[in-house]
Amino acid sequence: MGQEDTDNQIQSPLLQTHVAERPLKRTGNLWTAIAHIITGVIGSGVLSLAWSMAQLGWIAGPLAMLFFAGVTVVATFLLCNCYRSPDPEYGPGRNRSYLEAVDMNLGKRNAWVCGFFVHISLFGTGIAYTITSAISMRAIQKSNCYHKEGHEAACSFGDTSYMLLFGVAQIVLSQTPDFHNIEWLSIFAAIMSFTYSFIGLGLGFAKVVGDGYVKGNIGGISTSSAADKIWLVAQAIGDIAFAYPYSLIVIEIQDTLKSPPPENQTMKKASTIAIVVTTLFYLSCGGFGYAAFGDDTPGNLLTGFGFYEPYWLIDFANACIVLHLLGGYQVYSQPLFANVERWFADKFPSSGFVNDNYTLKLPLLPEIRLNLLRLCFRSMYVVSTTAIAMLFPYFNQVLGVLGALNFWPLSIYFPVEMYFRQMNIEAWSTKWILLRTFSMFCLLVTLFSMIGSIEGLITAKLS
C-alpha cells in the first residue's frame, strides 16, 4: 500500500496523520537528533522525581529509573525500524509520523485505537500543564510571603484562580490559526525547561553540601500500613513513566535526518546517547532532592517549599515553569486542533460555520482573523482541560495516571506489533517469545501503576 493511499483512507479525526510539509533536503545528524530527544524528554516530569525516589528508596528508586531507561531504549530501537518500509534501512516508503507508521504496518483499525491514545495523551498533557502552572504561580506568591513574614508564617493560597488565569491565556493563544513554524516556541520552551531543571538540581546539591550528610534510607518513606506503601510505590512508578518515553516524536525526529548512513542507525545511536544523558540527569535530580529532604521530600521539588531561600531564585525557577508550560500547552494541543478541524472541513465542505473566516479589528491591536469552529472548539477544549484540572488538582497523582495510561500502548505495544509485522517475525520463535514477554511485563507494570495512581487520585479527592 502506498503512502498516498494510506493518507486517503484516514477519515476519523483520531487518524489524521498529515504533518507539516518539510523540505525535501534533510540535513539532521546525530547531534541534532540527540538535542531534539533531550529537549522532548526533559520537562515538568523531572519535578516529581525526587518524590518518586523518596517513595522507592535508595535501591528501588535508581533501579526503577534504569528500568524505564532500558525499556525506552528497546522500544525506540523497534520504532526506529518503522520509519522506512518495507526495508527498515533502504525501503522507498517513508512514514513521517507515529500514526502513519501504525496505519501503514498494522492497518486502519489499529491506527484508530492508536489515534485515540495519542489524543488522550495530548489532552491529558494539557490537564497536567494546567495543574503544574497553577502550582508554580501559587509557589511564587508563597515564596514572597515566606520571605516577608518568615518561614513559619501561614502562607496558604488557593490555586483555582491561577488555573482560571492560565485557561484564559490558553483560550487566547489557541486562536492562532496554525503554528506553521513552531521551532522558535520549542526552543524557548526547551530553554525554560533546562533552566528550572538545573535550578532544582543545584538547590538540592547545595542543601546536601550545606547539611553535610545524606538523608533517606533503603526502603523509602515509612507509611502507616503496607497498603499505603504499595499505592505510593505505584504512583511513583507512574510518575517516572511520565518522565521518560518520547515515542510520539521518534519518527518525526528521524524524518529530519540525512542519509547515508541509514536513518535508523543514526537514530539508534542518538537515542542511546540521549537516554544515557537524560538518565544521569534524572538520577541526579531525584537523588539530590531525596538526599536533601529524606522523608520530607515534596511532591514537586520547586513548589513544595523544602527550599525557602534564595527566594528570588525560587521565583525565577517557577516563572520559567509557567513560561515553559504556556508554550508547551500549545505545542501539544495544536496537532489535536488541526486534526479535528481538518476532519470537520472535509466532512462539511460547504458549512460556513466550519470554513468561513471573519476579520475583527480592535483599536490599537492588529487585525484578528476568527473562525467560528476554531473559536468554539478550541475554547471548549481549553475550558474542559481547565475544569478537570480544577476538579483534580493533584500533581503527583495526575502525572502517575497519565504516565501509566500512555506508557504501555504507545511506548511498548504498538512498536512491538509494528516490528513483528515489518520484520515478519514468526510466532513462537525466540525473538517473538522475548518481545511478547517484554510487552506483557510492561503491561503488568502499567496496570499496577494505573491502579495505584487512580487510588491516590480518589483518596486525595475524598480527603
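Residues are numbered from 1 along each chain as its sequence is written, and side-chain values use heavy atoms, with hydrogens and water left out. Because the model is predicted, local features need pLDDT of at least 70 and side-chain atom pairs count only at pLDDT 80 or more, whereas totals for chains, interfaces and linings use all residues.

Gly 107 follows helix 4 and has a positive phi, near 95°.

Helix 4 is also one of the packing partners of helix 9. In helix 9 (residues 247-254), the buried residues are Ser 247, Val 250, Ile 251, Ile 253 and Gln 254. Seen down the helix axis, these residues fall within an arc of 160°, so they line one face of helix 9; the arc is that of the directions from the helix axis to the C-beta atoms. The buried residues of helix 9 pack against helix 2 (30-41), helix 3 (49-80), helix 4 (98-106), helix 10 (263-293) and helix 14 (395-423), where contact means heavy atoms within 4.5 Å.

Charged pairs come next. Side chains of opposite charge can pair when their charged atoms come close. The structure holds 6 salt bridges, each defined as a side-chain nitrogen of Lys or Arg within 4 Å of a carboxyl oxygen of Asp or Glu. One of them joins Glu 263 to Arg 94, with the closest N and O atoms 3.3 Å apart. This pair links distant parts of the chain, since Glu 263 is in helix 10 and Arg 94 in strand 2 (residues 93-94), 169 residues apart. Glu 263 is buried at 1% relative accessible area, while Arg 94 is partly exposed at 23%.

Another salt bridge joins Lys 207 and Asp 211, with the closest N and O atoms 3.0 Å apart. Being 4 residues apart in helix 7 (residues 183-211), Lys 207 and Asp 211 are separated by about one helical turn. Arg 436 and Glu 417 also meet in a salt bridge (2.5 Å, N to O). Arg 436 belongs to helix 15 (residues 430-462) and Glu 417 to helix 14, and the two are 19 residues apart. Arg 436 is partly exposed, at 26% relative accessible area, whereas Glu 417 is buried at 14%. Salt bridges that share partners join Arg 84, Arg 94 and Glu 263 into one network.

With a disulfide taken as a pair of cysteine sulfur atoms within 2.5 Å, the count comes to 0. For Cys 320, the nearest cysteine sulfur, that of Cys 285, is 14 Å away. Cys 320 is buried, with a relative accessible area of 1%. For Cys 442, the nearest cysteine sulfur belongs to Cys 82 and is 16 Å away; Cys 442 is buried at 0% relative accessibility.

Methods:
Buried means under 20% relative accessible area, exposed over 50%, partly exposed in between (1.4 Å probe, protein chains only).
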